[in-house]
Amino acid sequence: MKRTLAMVGAAAAALVIAAPPAYAELDGARIYWPLPKNTNIVGGFYVNGEANASFSNFTNITPNVDISSDVYMLTYTRIQPLFGRSIMWTGILPAATINTGSVLPLPTDDTFVNGFGDITLGGTVNLFGAPEMMAYEWLRSDVGFVMWAGANVTAPTGAYDSDQTLNVGSNQWKVRLSLPMVQSFGRWRAGERTTLEVMPAVTLFGDNDDAPGGGSIEQDPMYSVEAHITRDMTRDAYISLDYTWLSGGEETLFNSAGSFVSETDGVDAQLLGVTLGFQINDNMSLQLTHMQTLDEGDTGFSLEGSVTKVRVSWAWHDVLQRVQDFRE
Amino acid sequence: MAAKSGRIATVVFSLLLAMFACAIPAGAAAQDQQRRPNFLVIVADDLGFSDVGAYGGEIRTPNIDRLARQGLRFVNYYVGPSCSPTRSMLMTGLDNHVVGMGNMYERTAPNQLEQPGYEGVLRTDFRTIADALRAGGYHTYMAGKWHLGKDPEHVPAARGFERSFSILPGGGSHFSMTGISGDEEVTQFNADGEYLSRLPRNYYSTRTFTDQIIDYIESNRGDGQPFFAYLAHQAVHDPIQVPRNWVRRYFGAYDDGWDAIRERRLARQIEMGIMPPGTRLSPRIWFVPQWDDLTGIAQAQSSRRMEVYAAMVEYMDMQIGRLLDYLENTGLAENTIIIFMSDNGANPVDPLQSARRGAGALLDSNFYATNYQTDFGSMGYPDSFTAVGTPWAQVSSTPLNGYKLTTFEGGLRSPLIVWRRHQAAAGSINNADILHVSDIAPTLLDWAGLSPEEFNPPREPNMQRGRSVRAVLDNPSASGRFTAARGTEMFGGRAYRDGPWKITWMHEPYGSGEWQLFNLDEDPGETTDLSQSMPERRTAMIAAWEAYAAANNVILPDRTIYDGAVRSVPPRPPVDAPDWPRGAEPNFGTHEDAGDRGD
């Protein structure tokens, strides 16, 4: 039984849903594995992004700049039953510092901003493959095909100042709808697990009625598809090859009178990366991800950059913890 | 012309001579095979009395069941309470205390050290059945678990087996040379007298042993000599391991728990005629909780063990089926007698539990942690260590009391199936005769036309010795002629069976620490101690056991595996077994408390 809690920890290691900053459009590998009800996970993220785009939505792509973002996220996820299925309730509190460097034609005080980001709350309910499970049922279960439907709402609670071009918060509501799927191959046993994970999603944006410089911004939906091929390397470590496609999010700027001012291209990017995951102990896990955009040429309108992510998760389940404590 | 005629005559003569030369061995072989049957003795390891379908089990064993349907089944077949003593009796037809296996070598007590009969190996001054049959013109083959000595003079190749592939100690990984405990970290294997440094490719004990025995038989097929093949499966000894694709084969099959499975097995046994109507289950072991009292996690953990065990039994059956198919396809089945049995009752020991406490805790804990995966998700996999433990061992013993290492019926009784083509009264179940593992060797010799009397003649007047039971096998309608008394001792536990009567002495708290008397015809579960109502019979049988012990070199050990058990397991609840309702919550109070309640 000693390892049962570790199994929860391992499965929950990646269980942090996309955060509102653009980088968090990337869910990551091994997020959508089934877990027993009443599992709790607290996660801490550090994400460094180097990109030619503003922070909030991966749009406002500006060629030949280097915007460095350091994002910190605290997340909490709990698995609960919902009409016989599993549902993951998630809350995300981000914070960030953004440094544009000096090449961007912005006021000096805009080159560095920091503060809390937009809070996200959401739920992802299982459609197939992960019914509501007691701990013992989960313990015996294998993962075959799993499908979820997720809806996360991001509220404009983050630090935002329309006098600044760069902001941590986006000052707009967002709804992200996703349909994550996991298919395992071979035996479902620590050290031998292999999965293919595909996560299509769409993010819908509300208007920013207080855009920098006045006026408002309308933004088109952004579409994304993540794919991961994950494979256990040992009983306590895995590797994932990560691919992400992002598209959409075109912004239209209107002045305060409501007249059209300008339109910016959306994003059309592909990222490739690798994730290494480690089970540190029965409760704690570590995940390291690095992703790089594929070279889209020099059109100046493509997202270019990299994302490096470090994630530490702490998972616990009351029953499994008690069993483990007794065993030890 | 004359020269030409001469050449023709020479050619014709040569052809005739060649045809004649070819015809002689074939004809002789056919005649030989008519006269002298082949023998295939299949021994499972730690298989419980009720596990296979032919004895009421729910485990899918179609091949063993087929042997039973076309052959004979015996209900009162006795083996030793542990493996190597049984194997010594199988090989020699004599009592284990005489031939060197008075105790398992792993458990020899201080007062048994250096004592003749307690060498921990099969003594070389006794012949084995393989010695006798080989001398009598048989090919002798062995594949599987030996456990009768590891030195060059004790391995199968030195004990009469012409070809052999054996795991020498009592157990180990089924997939590798990883040993079974901190005392035996690496498993020794021997093939034809040579110690192995590596195992055949894709080694899995059950599959490889079957491959080997088929290879041995095939290598000499058609040479006119009959064979004696001893296939000593290591299955289903712990660690219970199966090929990966078999791990989940019985998923959910044991979710109803041990009490329900026992009830169902007994019901089938009664329906089949294995047990008489009205048979009472032995009480659930008092420290085993009723299933519904377990948490879901505990149930999941426990049932997975039995799922793997069942898969392992079925895999063994599948391999037996492969061997049977080979015999059928080659025509050898026409003249082969097949015997299937277990070496003792089901194994209640979970070495991982033992490794967590006691004097050897550090050594064994280190060993298991280093060499095996022991987590829930790994149960049954090739690198895992799993055992079924006491609750499921008792299921395997249904409806009998106890299990391996005890002298209750669950430790001593084994399935016995005897098969041959055109068996008279095929499919019948023999409840009347009391057979013993030491009867096998004399019976084979009898069938082979060799003298059982000359095989390991008794060295003391009253020494217990196997008998040829060929008569009841050749003529099942005359059953009931073999009811001679039999004694047993192991780890200080004692038993004596004489007709329907049996006395049992087991250490506290598993037994009463006193002799108990049972009528097994009416009460095979040993639920009702008749000591109070039949003191004379009890006294007479105790005297009979003492006579057995004196004649068979029994030295009661001054140290046993049961030392300290009274303190290490919960005290037995104060209930009379017959009235103890299964499913009732046992009260784990102290003995003194029990007395106060007047229960």
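Guide: An axis here is a line fitted to C-alpha atoms, for helices over the stretch in contact, and angles run from 0 to 180 degrees between N-to-C directions. Helices (H or I, at least four residues) and strands (E, at least two) are DSSP runs, numbered from the N terminus. This is a predicted model, in which local features need pLDDT of at least 70 and side-chain atom pairs count only at pLDDT 80 or more, while totals for chains, interfaces and linings use all residues. Residues are numbered from 1 along each chain as its sequence is written, and chains are lettered from A and ligands numbered from 1 in the order in which they are written.

Visitor: Okay, how do helix 6 and helix 8 of chain B cross?

Guide: The axes of helix 6 (residues 205-219) and helix 8 of chain B come within 9 Å and cross at roughly 15°. That makes the two helices of chain B roughly parallel, a label for angles under 35 degrees, with over 145 counting as roughly antiparallel, 65 to 115 as roughly perpendicular and the rest as oblique.

Visitor: Which residues of helix 6 meet helix 8 in chain B?

Guide: Thr206(B), Arg207(B), Thr210(B), Ile213(B) and Ile214(B) of helix 6 meet residues of helix 8 that include Tyr315(B), Gln319(B) and Tyr326(B), where contact means C-beta atoms, placed from the backbone, within 7 Å.

Visitor: And what about helix 8 with helix 11 of chain B, what angle there?

Guide: Their axes in chain B come within 10 Å and cross at roughly 45°, and helix 8 and helix 11 of chain B are therefore oblique to each other. In that contact, Ser302(B), Arg305(B), Met306(B) and Tyr309(B) of helix 8 meet Gly389(B), Pro391(B) and Trp392(B) of helix 11.

Visitor: Switching topic, how many residues are in the largest nonpolar core?

Guide: That core has 151 residues, and Tyr141(B), Ile213(B), Ala229(B), Tyr309(B) and Met312(B) have the most contacts inside it. The largest share, 15 residues, comes from helix 8 (residues 296-330) of chain B. A nonpolar core is a set of buried Ala, Val, Leu, Ile, Met, Phe, Trp, Tyr and Cys residues joined through C-beta atoms within 7 Å.

Visitor: Is Glu334(B) buried or partly exposed?

Guide: Glu334(B) counts as partly exposed, with 15 C-beta neighbours inside 10 Å, since buried needs 20 or more other C-beta atoms within 10 Å, exposed 12 or fewer, and partly exposed lies in between, with C-beta atoms placed from the backbone. Glu334(B) sits in the loop between helix 8 and strand 11 (336-342) of chain B.

Terms used:
Two residues are in contact if their C-beta atoms, placed from the backbone, lie within 7 Å.
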